[in-house]
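Please find below a colleague's note on the model under review. The comments are set out as numbered points.

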Amino acid sequence: MDRKRVPGPELSVAPLVEYPIDHERWTPQQEKRHDPKRQPEDLRPIYLKTGLISQASGSAYIELENTKLACGVYGPRPVKKIGQGFSGMGVLNCDFKFATFACVKRRNNTRQDPQEKELSQILSQALAPAVRLELLPKSVIDVYITVLESDGWGSCLAAAITAASVALAHAGIEMLDLVAGCSASYMQIGPSISSTTTETSSSSGAGNPITPQIQIFMDADTEEEKYEQGAIVLAYMPSLNEVTHLLQNGKAEGPIINQSVEHCMEACNKVYAVMHHALLESMKESKDA
Amino acid sequence: MASVADAVVPGQRLGHVQEFNVGAGTYALQDFIYASVVGLKRIMKQGGDNELPFMTVQRENSQSAIPEIEAIVTCKVVRVNPRFASVNIMVVDGKPCTDDFQGIIRVQDVRATEKDKVKIYNSFRPGDIVRAQVISLGDARSYYLSTAANELGVIFGTSVAGGSLVPISWQEMQCTKTRVIELRKCAKPL
Amino acid sequence: MPGLISPAERDYILKGIECNIRADGRQRPDYREVILETGVVSQTSGSARVRIAGGSDVLVSVKAEIGSPSASQQFEGRGADDLNNELTQMMSRFLHHTKTTFTTPSSSSSQGSAGAGASTTAGSSSSTGGINLSKLCIIPGQQCWILYIDALVLDYGGNLMDAILMGTRAAIFDTQIPKTEVQDLGDGQFEFEVLDDAEDTDIVEGREDMPICVTLNKVGARHIVDASPLEELCTEAKLVVAVNRSGELCGLQKGNDGGIEPSLLLEMIQFGKTMGQTLIKQLDLKIKEEADSDLAKRQRGEPIQKLGFFAQ
């Protein structure tokens with residue numbers, strides 16, 4: 001129980017939400033996404049800017065419509081933790097945190113829960129190959145991610161990777177490359193109820209009509225994730241052409257995985273362009289100032 | 001003048017290793033040179049004609065300095081005991097650190113000669129500002145520093161009475177207020 | 001467990017792997033001998049012990065208990081070290097997805113010999129995991145069977161994740177759940193009774209579809225399976241590939257602080273898939289053999305001899 005807040009009265013009821021008569025819940029249909037403006041391979045528009053947190057060595061803010069998160073990088077600074085022995089390499093310490101109000105369900109903010117812990121670990125594994133830690137002996141770089149609004153688990157992690165690597169570059173830390181993150185969900189496509197006429201049956205008739213169609217949706221949002229069969233998150237260094245992290249869940253055939261890995265790498269190249277632009281903008285701004 | 005075209009981000013390919021030498025802010029991988037920081041690309045001519053120019057990237061946001069071996073650091077004495085003086089490293093090679101790094105000056109590293117006669121208490125006092133050189137990365141906690149050179153040692157200190165000290169010899173300093181002489185390992189004024 | 005490796009040793013291992021010969025004489029795609037035994041602990045609903053010759057030794061138990069379905073939906077790591085957290089999260093990812101409840105606690109004491117087993121509990125559900133969770137339901141929305149899976153690491157010798165998942169799969173195969181009888185009292189009220197017959201029990205449906213995983217370690221430009229602790233120290237990046245009997249991928253996760261080139265990555269996924277499929281077939285064969293021989297012995301009234309804990 002949260003004692004700090006005044007709870008609602010005991011006899012409260014859920015508000016009545018009136019949907020318009022023609023309101024239809026979204027279900028996955030071929031080529032049609034939750035956001036009808038997007039194509040399956042489209043990402044949400046990305047807003048990325050450096051320098052949100054003035055006290056940090058480097059920082060970045062990223063927004064993919066309803067996925068919003070901030071990242072602050074501190075350091076390199078001396079290792080504070082007692083008991084950590086001498087290390088000739090620097091340490092990348094990531095801390096992933098959801099704001100209490102970031103998800104549908106309120107999160108307790110006191111300690112990192114197992115999911116946040118794991119995300120922190122994934123984040124540091126995804127970034128470590130890019131940071132030149134051998135140049136920073138006995139020091140630690142702290143990366144703090146705070147998710148302000150989460151719309152899709154995969155896109156949240158992907159955005160965190162993207163923002164963190166931009167923040168690291170903004171902090172002036174030597175890196176081999178920027179790391180771009182991208183997520184994709186794949187789901188079974190039920191033929192849309194209205195158009196199951198001749199058109200669809202003839203097109204799917206060429207293949208086996210019994211096997212369900214699998215569609216890959218890039219950068220899925222929460223609504224789409226509800227229907228997903230599985231998801232994939234990929235972190236990629238575009239100019240070195242190296243994958244720094246890969247995470248997949250859900251059942252899938254090999255070709256689907258291969259396809260989604262390739263789609264994600266393509267998308268990462270697009271994300272890279274945004275990152276590049278954001279860093280150049282930050283340079284221009286600091287010159288004007 | 002630098003143009004936008006010279007602005008680079010980490011991972012951007014800058015040239016071939018046969019054309020340039022690897023300078024600050026860059027690294028070589030296989031046959032190419034890449035940028036490793038955000039900044040402006042600069043080509044530095046150096047040495048004779050048959051030497052390759054250096055490819056460097058001038059940082060836009062400099063990373064906070066961290067101590068390296070042989071770097072000259074400025075630090076503040078926080079504790080002394082008969083074996084060593086503990087210091088907080090505040091500046092490395094003229095660049096300030098955002099967070100203080102810990103270092104120690106061991107009794108045998110205070111000066112180059114007559115090492116066995118050195119007494120820490122007659123060399124440093126808490127509060128002194130010391131110029132020193134990093135000799136090793138040290139243990140898990142502290143860097144090891146040395147003041148065994150003429151230009152290294154106390155550069156600023158306060159006397160017991162509260163006046164500032166001025167060096168009068170390499171191991172004595174005088175209070176400007178009370179003219180009392182206190183013992184220090186002084187740095188030769190530059 | 002060694003924590004550091006000397007440059008000379010690392011070089012030796014790296015060059016060896018490059019020449020396709022490893023310190024213990026194996027080639028890159030060779031697994032060590034796996035010793036698998038089921039039904040080793042009598043108090044459990046199902047148990048299994050997996051030993052990788054000269055290396056890891058894991059004891060996995062499954063206990064079926066009755067609980068309410070709203071119980072924790074997450075794999076929660078009890079015990080705070082990194083490995084523990086990583087393992088439980090990874091298992092949860094591979095064994096579950098979406099609704100219903102099936103609880104999988106996993107536990108691991110990170111290394112060392114017997115005894116210290118920090119238990120980790122986890123509740124979750126499965127579509128990836130293959131288990132048909134609706135069959136675990138007793139009264140919809142109120143009572144269900146919760147399967148607690150505990151893994152105890154008795155010895156560490158590299159490749160822990162594979163051993164634990166192999167053990168989990170075998171333990172689920174071994175699991176017998178008592179039958180229940182539900183009475184409808186009307187008014188939405190139900191009552192149920194657990195039948196006490198040791199001979200007449202249910203198996204866990206969908207157990208054949210549970211995945212196992214294959215950990216591929218990228219060393220230099222090559223990848224190896226079933227790495228020893230020293231080889232794990234030389235690993236730049238590892239890829240855990242979870243695969244089920246029909247060759248569907250059930251999960252992928254990269255570990256360690258290194259990158260993988262895309263072409264190698266795809267090759268590794270493909271390799272892990274084939275490897276996992278063959279491995280699963282061999283395991284199924286082994287489990288079946290053991291079950292058959294046990295059954296035959298029971299029918300003849302002979303005592304069933306288990307290898308026991310000190311068998312080599």
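1. The structure is a predicted model. For chain A the mean pLDDT is 83, and 87% of its residues reach 70 or more.

2. A stretch to treat with caution. Over residues 192-210 of chain A, pLDDT stays under 50. The model has six contacts beyond four places in sequence for that stretch. Where pLDDT is low, the predicted coordinates should not be read in detail.

3. Overall form of chain B. Chain B contains 16 strands and zero helices. Its C-alpha trace spans about 60 × 35 × 35 Å along the principal axes. The radius of gyration of chain B is 22 Å, whereas a compact globule of 190 residues would have a value near 16 Å.

4. Burial and contacts in chain B. Of the 190 residues in chain B, 34% are buried. Among the contacts in chain B with a separation of 6 or more, 47% are between residues 24 or more positions apart.

5. Paired strands in chain A. Strand β2(A), residues 58-64, is mostly covered, with six of its seven residues buried. Strand β1(A), residues 46-50, runs antiparallel to β2(A) and is joined to it by five bridges; in this pairing, K49(A) has Y61(A) as its bridge partner. Strand β3(A), residues 67-78, also runs antiparallel to β2(A), with seven bridges between the two. Here the bridge partner of S59(A) is G72(A).

6. The hairpin turn. Which residue in the turn between β2(A) and β3(A) has a positive phi? These strands form a hairpin with two residues between them, and E65(A) in the turn has a phi of about 50°.

7. Contact between chains C and A. In this interface, 32 residues of chain C are in contact with 26 residues of chain A. On the chain C side, the elements that give two or more residues are β4 (75-76), α2 (82-95), β16 (249-255) and α5 (262-300). Of these, β16(C) gives the most, with seven residues. By class, the chain C side has ten nonpolar, 13 polar and nine charged residues.

8. Strand β9(A), residues 242-252, is joined to β16(C) by four bridges, and the two strands run antiparallel. Within this pairing, Q248(A) has L252(C) as its bridge partner.

Note on methods: Residues numbered from 1 in each chain as written. Chains lettered and ligands numbered in written order. Predicted model: local features only at pLDDT ≥ 70, side-chain atom pairs only at ≥ 80, totals over all residues. Rg over C-alpha atoms; globule rule 2.2 N^0.38 Å. Buried ≥ 20, exposed ≤ 12 C-beta atoms within 10 Å, placed from the backbone. Contact = placed C-beta atoms within 7 Å. pLDDT = per-residue confidence, 0-100. Nonpolar A, V, L, I, M, F, W, Y, C, P; charged D, E, K, R; others polar. Pairing = 2+ DSSP bridges.
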